[in-house]
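User: Please examine the model shown here and answer some questions on its fold and ligand site.

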Amino acid sequence: MNNDSILKTFGVAAALCVVCAIIVSVADVSLKGMQQRNKALDRQINILRAAGLVEPKAKVDAKQAAKLFENAKAVVVDLASGKIVEEKPAAEADGIKLDPKDVVEIKKEHDVAKIKYVPKKEIVYLFNDENGALQTVALPIKGTGLWSTMYGFVALNGDLKTVAHIVFYDHGETPGLGGEISNPNWTAKWEGKQALGDNGGPIVRVVKGIAAKAADAPDCEVDGISGATLTCNGVNATVSFWLGERGFGPFLANLKNGTAYDVKASEN
Ligand SMILES: Cc1cc2nc3c(=O)[nH]c(=O)nc-3n(C[C@H](O)[C@H](O)[C@H](O)COP(=O)(O)O)c2cc1C
């Protein structure tokens, strides 16, 4: 066939498309397992960052992550009652399967984080020191920023009052503006801030500009990110929702009072 014929040009283009499609499909299918393992490892590392066990930019492999998880427990919390209904070593948290359809619709007036639905159960990570005392509790959070849903973890210290760390590991905010919420230099400003007030309600918040603290007031303000007030408003709403009564508020209160374990579940 003549090399300049239209039929040959289309034939070669079509054959090339088929070969490329096969290569891409095979690569996608064969790399799926690796992708899922990397995703699970990334999640584990972010939980460890929230717990303060991994420095923000440190590289950690699966073995090191498993070692750091040794003293941690993954517990399934029933959000409405604030009770722990299931418990596993943290390294086995992937084995806990929660039904993504098991959710409750949030009334518009309560949906400050703009997430529409809240799961009935969530997995929380409890990190203990070598004596078994609670060191940090890492809580998964999600909420809407300016452009996107922001996913992260907020961890409280064992006093269940102050912030250990906060991490945002997935969001679509603008790099250099709202995207700075995942900059460790900014998230470091949350460390030690008072998360919950004396009545147990959330008080920690990002303010516009530089945080101030009156001598007689709790240290609960975090410096704002300039040019990113709208994302920071979303962060405030997200943290406030998840530390509040429709998020982990009842669980944190139970944990503090020593009544977090569901008696029926632990007897079974
Ligand atoms: C292209 C573009 C992207 C922006 N991305 C963000 C963003 O991710 N988060 C945010 O809060 N504001 C973003 N802004 C700015 C907001 O429109 C708004 O000006 C800003 O939140 C106000 O913050 P400030 O009071 O600190 O200046 C963006 C603006 C432009 C033009």
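This is a predicted model: local features need pLDDT of at least 70, side-chain atom pairs count only at pLDDT 80 or more; totals for chains, interfaces and linings use all residues.

Analyst: Residues are numbered from 1 along each chain as its sequence is written.

User: How many residues of the shell around the ligand are charged?

Analyst: The residues surrounding the ligand include Trp 147, Glu 173 and Thr 231; a residue is near a molecule if its C-beta atom, placed from the backbone, lies within 6 Å of it. Asp, Glu, Lys and Arg count as charged; Ala, Val, Leu, Ile, Met, Phe, Trp, Tyr, Cys and Pro as nonpolar; and the others, Gly among them, as polar. The shell has five nonpolar residues, six polar and one charged.

User: In strand 2, which residue is the bridge partner of Ala 74?

Analyst: Strands are DSSP runs (E, at least two residues) numbered from the N terminus, and two strands pair if DSSP finds at least two bridges between them. Strand 1 (residues 72-78) and strand 2 (residues 83-89) pair in the antiparallel sense over six bridges. The partner of Ala 74 is Lys 88.

User: Which residue follows helix 5 with a positive phi?

Analyst: Helices are DSSP runs of H or I with at least four residues. Helix 5 spans residues 249-257. The residue after helix 5, with phi near 75°, is Gly 258.

Conventions:
A residue is buried if 20 or more other C-beta atoms lie within 10 Å of its own, exposed if 12 or fewer, and partly exposed in between; C-beta atoms are placed from the backbone.
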